[in-house]
Amino acid sequence: MRSVNTKGVYQSFIAATEFFYENGPRLIVVSVLWFLCSLPVITLGPATLAAYAAIATLREGYSIDRTHVVATVKRHGVSAVLLTGVPLVFLIISILYTRQYFVADSTLTLALGVVTAYAAGYTGLLLIPAFIAIATGDSLETAIRGSVRWTGQNAISAVMMAMGTFLVAVVTGLLTIAFVLVFAGIAFSFHLETVLGPPTDDPTEIEGWSPYADTRREE
């Protein structure tokens, strides 16, 4: 993972849109499959992890390595479900506290609602670099530690990345079918570009990147 400033986030977004333009058909397939696989909600984590793995190999190898994608999901699919559940649980708790505030008009419940909403946003933000690290070969423990460290060191850039993702979701959502066709492709390419930087001709130049051997190693 690289350190990135706010200008780097903007440049990453531009690079991601160019990447989508150059690889449109493949990324549309990734987006559609991500959307369909995420519909049960509980499969959102594995679907997102698979999308990151697919786009990561496309960035580095100019084609999607299905073997790597399948191996990554088999190895970390359950962990992805559990990790995705953390911000969802906080979000549900926040909604319940907020609802209770309007019923009982309690300052404490409002404060708890705000705190749990923040926890939901923070843990959700942590999932981006964590899933990227897992998708590119890191172990679960290394990915989580790296995610916390990267988010702490690049807090403003991480928030900007989240805001950019939200903007893409709103714009594509307003166009309805565009959300299904392009959201995941653009958003996840943007995340990969922001966290990892531009792809290189030699994948070994990126620290921690080993899309073939690492998916088979034992933790």
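Analyst: Let's begin with one idea: the expected span of a helix is 1.5 Å times one less than its number of residues. Please keep in mind that this is a predicted model. Our part is helix H6, which runs over residues 140–153. With its 14 residues, H6 reaches 20 Å from its first C-alpha to its last, close to the 20 Å expected.

Now look at which residues of H6 are hidden. Ala-143, Gly-146, Ser-147, Trp-150 and Thr-151 are buried. These five cover an arc of only 125 degrees around the axis, and that puts them on the same side of H6.

What do the buried residues of H6 pack against? Their partners are helix H5 (107–135), helix H7 (155–174) and helix H8 (177–196). Let's visit these three neighbours in turn.

In H5, have a look at Thr-123. Its relative accessible area is 16%, and buried means under 20%, so Thr-123 counts as buried. Leaving out residues up to four places away in sequence, Thr-123 touches Val-86, Pro-87 and Phe-90. H5 also matters for the largest pocket, giving eight residues, the largest share of its lining. About 860 Å³ of space lies in that pocket. It is lined by 28 residues, and those closest to its centre are Leu-44, Gly-124, Leu-125, Ile-128 and Thr-165. At least two lining residues come from each of H3, helix H4 (66–104), H5, H7 and H8.

Next comes H7, where Ser-157 is found. Ser-157 is buried, with a relative accessible area of 4%. Apart from its neighbours within four places in sequence, Ser-157 is in contact with Val-4, Asn-5, Thr-6 and Val-9. Ser-157 and Tyr-10 are 147 residues apart in sequence, while their C-alpha atoms are 9.4 Å apart in space.

Between H7 and H8 there is a loop, and Thr-176 sits in it. Thr-176 has a positive phi near 60 degrees, although it is a residue other than glycine. Thr-176 is exposed, with a relative accessible area of 58%. You can find another case in the loop between H2 and H3, where Val-41 lies. Val-41 is not a glycine either, yet its phi is positive, at about 70 degrees.

Phe-35 and Phe-179 make one that is edge-to-face, with 6.3 Å centre to centre and 80 degrees between the planes. Phe-35 belongs to helix H2 (residues 24–38) and Phe-179 to helix H8, so the pair links distant parts of the chain, 144 residues apart. Phe-35 is partly exposed at 24% relative accessibility, and Phe-179 is partly exposed at 23%.

Another pair is formed by Tyr-52 and Phe-188: their ring centres are 4.7 Å apart and their planes meet at 40 degrees, so this pair is tilted. Because Tyr-52 lies in helix H3 (residues 44–61) and Phe-188 in helix H8, the pair ties together parts that are 136 residues apart in sequence. Tyr-52 is buried at 2% relative accessibility, and Phe-188 is buried at 4%. Ring pairs also join up into a cluster, made of Trp-34, Phe-35, Tyr-52, Phe-179, Phe-183 and Phe-188.

Ile-28 is found in H2 and counts as partly exposed, at 31% relative accessibility. Not counting residues up to four places away in sequence, Ile-28 touches Phe-20 and Leu-181.

To come back to where we started: H6 has its buried residues on the same side, and they pack against H5, H7 and H8.

Note on methods
Residues are numbered from 1 along each chain as its sequence is written. This is a predicted model: local features need pLDDT of at least 70, side-chain atom pairs count only at pLDDT 80 or more; totals for chains, interfaces and linings use all residues. Side-chain values use heavy atoms; hydrogens and water are left out. Helices (H or I, at least four residues) and strands (E, at least two) are DSSP runs, numbered from the N terminus. Buried means under 20% relative accessible area, exposed over 50%, partly exposed in between (1.4 Å probe, protein chains only). The arc is that of the directions from the helix axis to the C-beta atoms. Contact means heavy atoms within 4.5 Å. Rings of Phe, Tyr and Trp (its six-membered ring) pair if their centres lie within 6.5 Å; planes under 30 degrees apart count as stacked, over 60 as edge-to-face and the rest as tilted. On a 1 Å grid over the protein atoms alone, a cavity is a set of points where a 1.4 Å probe fits but cannot get out, and a pocket is an open set with protein on both sides within 12 Å along at least five of seven lines; lining residues have an atom within 4 Å of a point. Grid points are joined across faces, edges and corners, and a volume is the space filled by probe spheres set on the points.
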